[in-house]
Amino acid sequence: VVGNHESAVHCCAFVHSAKHVLATGGQDRRTKIWDDRRASCTTTLTNHVDAVLSCAFDFTGNFLITGGRDHKVTIVDTRKWTAIDVLTMHDNNVWSLAVGPPPAGDTLVSVASD
């Protein structure tokens, strides 16, 4: 299903709800959004200027968080697939992301090489 990236895929995440959405992030600086029922890419995001290394959805599926080699963490509203915030607190690659489960669903953890 992830053959649509132009190079290596570094991460993937499913929405925890029944929305049938998968996100993948790759070396090509893109985050691809997939309909897992049809195995088709529905949206391509270009929010990073270097490889996308990590991605995670919040538990509602309303937000996708991506982290990259550009040292940034981007928060995307999945209802419109637009970036609503870019966090620049890291000085190196963002390797992993996690969002706390309810009731702490507003807690975001990012892991970087700094």
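This is a predicted model: local features need pLDDT of at least 70, side-chain atom pairs count only at pLDDT 80 or more; totals for chains, interfaces and linings use all residues.
Strand 3, residues 31-35, runs antiparallel to strand 4 and is joined to strand 4 by 5 bridges.

Thr 31 lies in strand 3, and with a relative accessible area of 3% this residue is buried, because buried here means under 20%. Leaving aside residues up to four places away in sequence, Thr 31 touches Ala 23, Thr 24, Gly 25, Thr 43, Thr 44, Leu 45, Val 52, Leu 64 and Thr 66.

Turning to Asp 35, we find that this residue stands opposite Ser 40 in strand 4 and is buried, at a relative accessible area of 8%. Asp 35 forms a salt bridge with Arg 37, where the closest N and O atoms are 3.4 Å apart, and another with Arg 38, where the corresponding distance is 2.6 Å. Both arginines are exposed, Arg 37 at 54% and Arg 38 at 62%, and the shared partners join Asp 35, Arg 37 and Arg 38 into one network.

The count comes to 4 salt bridges, and one of them links Asp 28 with Arg 30, with 4.0 Å between the closest N and O atoms; here Asp 28 is buried at 5% relative accessibility, whereas Arg 30 is partly exposed at 23%.

Terms used: Residues are numbered from 1 along each chain as its sequence is written. Side-chain values use heavy atoms; hydrogens and water are left out. Two strands pair if DSSP finds at least two bridges between them. Helices (H or I, at least four residues) and strands (E, at least two) are DSSP runs, numbered from the N terminus. Buried means under 20% relative accessible area, exposed over 50%, partly exposed in between (1.4 Å probe, protein chains only). Contact means heavy atoms within 4.5 Å. A salt bridge is a side-chain nitrogen of Lys or Arg within 4 Å of a carboxyl oxygen of Asp or Glu.
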